[in-house]
Amino acid sequence: MTTALTVGISTNDRMLPLLLGDVPTPGLDLTFDRSSPNDIFRRALQGEDFDVTEMSFAAHAILISRGKQPFVGLPIFVSRMFRHGCVFVRSDSDIERPEDLAGARIGIPEYQMTAVVWMRGILNEYHNVNSKEVRWVRGGINSPVGRGEKIPLQLPEGYDITDLEGQSLSEALTANKIDAMITTRLPTGLENGSLRSLFPNVKETERAYYVASSIFPIMHLLVLRREIYERNPDLAGALYNCFSAAKAASLERLYDIDALSVMVPWLMPEMAQTSSFFGRDPWPYGLAANKRELEVFLAYLDQQELLQVPLKTGDFFVPELQGT
């Protein structure tokens, strides 16, 4: 028997073998609806567009802490990214170190978005920047139109959060109306030299962070609608197997010297460096290999008072995959 499922997903190399039909999906008939993560999250959280969907790690955890559980989590981590390279300041700014962000005005697209949660946690843990002492300004990165919070923001008193109106965060930073920004898009001010990265050697900074923390930050995971899972719990394992097979196939393509699979001229030496640093698989799925990332992110959410109750990793992954 085959189960038909609609899947909301962004396009990336981990998904490509599934999108092209290059890996089998036994027992599953998957129809993919591809879009940007922001669009997918909004449609999944505010409607019922997908049976299976890419989901913000933060949004999934926050909803569960509030007793709202429309989805069950699968330890399929479709998006990961170090975020030190997403912090920008003006080129002429006196802010030279992350510690200088204490008490600053920092622009963000969304307060609860996973990338911002990670960076707030990192700034607090490694650079003594307290979230309650920062003045947070929400707005659009390169447009006056912001993206808004995908789920209602519920914080206790004591946080300074305002919304920017009439200009983008990039414009506000250039005009000295904010002191820094944490973004998930490159700000326009980089093109004319008015803005710069806070961390001048991003790769070395992020490698040093990994050495210190053993963390490659998880951004998005795959989730399955709860009512579908409860009707057929075997779907969780079937999805895990086919998405894992797709990732494995994509990883093998990166090591194929017959023809480059991506537009990176020195892909082979880059992959050699990556494997010597992370091991053969830099992007593990499953719970055991991601225990550290999961525990630290949940601790960051709790420290930032975004959870109604503390969570453990077992609270939002299906029991069938707890042993992965």
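The dialogue below takes the features in turn.

Reply: Keep one thing in mind from the start: this is a predicted model.

Me: What is Leu301 in contact with, leaving aside its neighbours within four places in sequence?

Reply: Ala58, Ala61 and Ile62 are in contact with Leu301, and so are Val117, Leu306 and Leu307.

Me: Leu301 is a buried residue of α10. How do I check the length of such a helix?

Reply: Count residues, then compare with the end-to-end distance. Helix α10 covers residues 291–303, which is 13 residues.

Me: Which residues of α10 are buried?

Reply: First, the general idea. An α-helix has 3.6 residues a turn, so residues three or four places apart point the same way. In α10 the buried residues are Glu293, Leu294, Val296, Phe297, Leu298, Tyr300 and Leu301.

Me: Which residues of α4 and α10 meet?

Reply: From α4 come Thr114, Val117, Trp118, Gly121, Ile122, Asn124, Glu125 and Tyr126. From α10 come Glu293, Val296, Phe297, Tyr300, Leu301 and Gln303. This contact divides into eight nonpolar, four polar and two charged residues.

Me: At what angle do α6 and α9 cross?

Reply: Helix α6 (residues 202–213) and helix α9 (residues 267–278) cross at roughly 25 degrees. Their axes come within 12 Å. Angles under 35 degrees count as roughly parallel, so that is the word for α6 and α9. On the α6 side, Lys203, Arg207, Tyr210 and Val211 make the contact. On the α9 side it is Glu270, Gln273, Phe277 and Phe278. The residues of this contact divide into four nonpolar, one polar and three charged.

Me: Where does Val116 sit, and is Val116 buried or exposed?

Reply: Val116 is in helix α4. Buried means under 20% relative accessible area. Val116 has 1%, so Val116 is buried. Now look along the chain. Val116 and Thr183 are 67 residues apart, yet their C-alpha atoms are separated by 7.9 Å. Apart from neighbours within four places in sequence, Val116 is in contact with Ile108, Pro109, Glu110, Tyr111 and Ile182.

Me: Where does Val23 lie?

Reply: Val23 is in the loop between α1 (16–19) and β2 (28–34). Its relative accessible area is 12%, so Val23 is buried. Val23 and Ser244 are 221 residues apart in sequence. In space they are 10.0 Å apart, C-alpha to C-alpha. Not counting residues up to four places away in sequence, Val23 touches Pro17, Leu18, Cys242, Ala245, Ala246 and Ala249.

Me: And where is Pro70?

Reply: Pro70 lies in the loop between α3 and β4. Pro70 is partly exposed, at 31% relative accessible area. Beyond four places in sequence, Pro70 is in contact with Leu63, Leu224, Arg225, Arg226 and Glu227.

Me: Last topic: backbone angles. What is the phi of Ser214?

Reply: Most residues other than glycine have a negative phi. Ser214 is not a glycine, but has a positive phi of about 60 degrees. Ser214 is in the loop between α6 and β11. Its relative accessible area is 43%, so Ser214 is partly exposed. Glu305 also has a positive phi, near 60 degrees. With a relative accessible area of 30%, Glu305 is partly exposed.

Definitions and conventions
Residues are numbered from 1 along each chain as its sequence is written. This is a predicted model: local features need pLDDT of at least 70, side-chain atom pairs count only at pLDDT 80 or more; totals for chains, interfaces and linings use all residues. Side-chain values use heavy atoms; hydrogens and water are left out. Contact means heavy atoms within 4.5 Å. Helices (H or I, at least four residues) and strands (E, at least two) are DSSP runs, numbered from the N terminus. The expected span of a helix is 1.5 Å times one less than its number of residues. Buried means under 20% relative accessible area, exposed over 50%, partly exposed in between (1.4 Å probe, protein chains only). Axes are lines fitted to C-alpha atoms, for helices over the stretch in contact, and angles run from 0 to 180 degrees between N-to-C directions. Angles under 35 degrees count as roughly parallel, over 145 as roughly antiparallel, 65 to 115 as roughly perpendicular and the rest as oblique. Ala, Val, Leu, Ile, Met, Phe, Trp, Tyr, Cys and Pro count as nonpolar, Asp, Glu, Lys and Arg as charged, and the others, Gly among them, as polar.
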